[in-house]
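Okay, thanks for coming, everyone. Let me put the model up and then walk you through a pocket and one of the chains.

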Amino acid sequence: MQLNDTAIVLNTRKYNDSSIIMKVITENNGIYSGLVRIKKNQGGFGVNITGNKLNLMWRARLSEHLGFFTTELNKSRAHEIMKDQIFLSGINLICSHLDLYPEREPCQNIYIEFDNLIDNFNKKEKIWIKKLIEFEFNYLEFMGFGIDLSECALTGTTDSLEWVSPKSGRAVNSKAGKKWSKKLLKLPPFLLDKKIDADKNDLIDGLNLTGHFLKKQIYSDLNKDLPSSRKKIIDSLKN
Amino acid sequence: MSQTEIDNLIELLARLPGIGPRSARRLALSMLKKPDSLMRPLAKSLLSTADSIVKCSICGNLDTSSPCYICLDESRDKSTIIVVEEVADLWALERASVHKGLYHVLGGTLSAIDGISPDDIGISSLVQRALKEETKEVILAMNATIDGQTTAYYITDQLAAAEVKVSRLARGVPVGGELDYMDDGTLLEAIESRQPF
């Protein structure tokens with residue numbers, strides 16, 4: 001068995017003195033894990049680091065084996081990620097999410113979105129956090145727990161959608177939801193129309209919305225808390 | 001010694017890092033050939049080390065006493081603390097004799113994926129040490145990995161209340177390194193941190 005693909009490193013774990021187990025998201029073949037042999041006397045330390053884009057070859061005798069990776073650096077990005085705390089928290093957050101995604105299931109859309117997200121980090125603007133929320137929103141859908149914003153769950157209208165039901169994950173109209181406003185989750189306008197700019201409060205609302213469903217549908221089933229890097233991003237918006 | 005005991009010895013040796021079953025068999029055989037000159041002294045040394053080694057209550061280093069010999073050394077500069085991930089990192093810095101101050105061993109890094117939180121590593125004890133008046137600088141010598149840098153940022157946030165200078169190790173071309181074999185990230189860091197010559 002052999003496959004060649006472009007991939008982004010999600011995480012690495014030390015296996016022994018001379019090898020690591022690396023998890024990557026590939027462009028065409030989904031998420032893969034494999035063993036990478038490290039030659040400490042030959043350098044190449046900056047290659048297999050989270051966020052870096054690699055030209056990858058995976059090889060195993062049988063498809064169900066863990067297999068070995070041979071890697072070559074395609075685009076170095078880890079050093080950029082390490083320079084900014086929000087960027088670092090964001091990448092940590094995405095990698096934690098993707099660690100829960102089933103392996104070897106093609107997920108080209110997630111790969112493209114993740115790739116764009118790393119390439120377009122802009123620490124001066126909040127646009128990047130907006131894209132991060134959109135990623136989480138789409139990730140929920142890929143995992144089978146999409147939030148339905150097509151129409152109001154109560155009236156069937158498509159206008160003035162302002163809330164999301166924390167139980168059903170369906171949008172609720174501003175008038176219809178007024179009665180339950182304390183229980184409903186605020187729907188930031190940029191999730192309905194990507195062209196709309198987001199302010200600080202919209203971003204916090206967006207993170208609360210995706211955070212609620214990530215916790216409810218994915219993390220609580222695995223007895224896990226949401227990644228702490230998420231809190232760091234919310235705190236950065238509040239300060 | 002019966003075959004079972006030899007197998008047991010091989011199995012235990014094979015658990016050591018960098019030693020596989022083949023190497024373990026070779027080591028065991030080498031010891032069996034020299035029971036008095038090698039095997040008994042080694043066993044004695046292993047036992048006495050296991051009985052006496054403790055974790056330093058101040059810095060987390062491994063030594064025969066707590067506080068360790070570094071923390072007790074009066075000649076060391078007590079105003080500077082280098083923070084490292086593991087004891088092996090402390091040993092590497094000591095071997096190079098590049099730091100005459102104190103150390104703090106965290107015993108790991110924060111990891112969202114592995115579920116390692118600040119409570120699992122020695123960050124709170126570091127903050128307590130940094131709050132002491134004698135501490136002037138904390139040098140973060142974490143690995144240049146995502147987890148290492150996440151931990152470094154977290155520590156920097158935690159040390160905001162303490163009036164200490166927080167610095168990190170430089171990144172760039174290693175001694176003896178050839179530029180042709182460097183990755184783009186390291187080269188960029190090296191250019192950005194260039195020094196007057």
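This is a predicted model: local features need pLDDT of at least 70, side-chain atom pairs count only at pLDDT 80 or more; totals for chains, interfaces and linings use all residues.

Residues are numbered from 1 along each chain as its sequence is written, chains are lettered from A and ligands numbered from 1 in the order in which they are written, and side-chain values use heavy atoms, with hydrogens and water left out.

So, who lines the second largest pocket? Helix 7 of chain B gives the largest share, six residues. By pocket I mean an open set of points on a 1 Å grid over the protein atoms alone, where a 1.4 Å probe fits, with protein on both sides within 12 Å along at least five of seven lines; lining residues have an atom within 4 Å of a point. There are 32 lining residues, and A:Pro227, A:Ser228, A:Ser229, B:Ala112 and B:Pro118 lie nearest the centre. Helix 2 (85–98) and helix 7 (228–238) of chain A also each give two or more.

Now chain A: seven helices and eight strands. Its C-alpha atoms fill a box of roughly 65 × 40 × 30 Å along the principal axes.

Last stop, A:Lys167, in the loop between strand 6 (161–164) and strand 7 (171–173) of chain A. Its C-alpha sits 9.0 Å from that of A:Leu184, 17 residues apart along the chain.

How values were computed: Helices (H or I, at least four residues) and strands (E, at least two) are DSSP runs, numbered from the N terminus.
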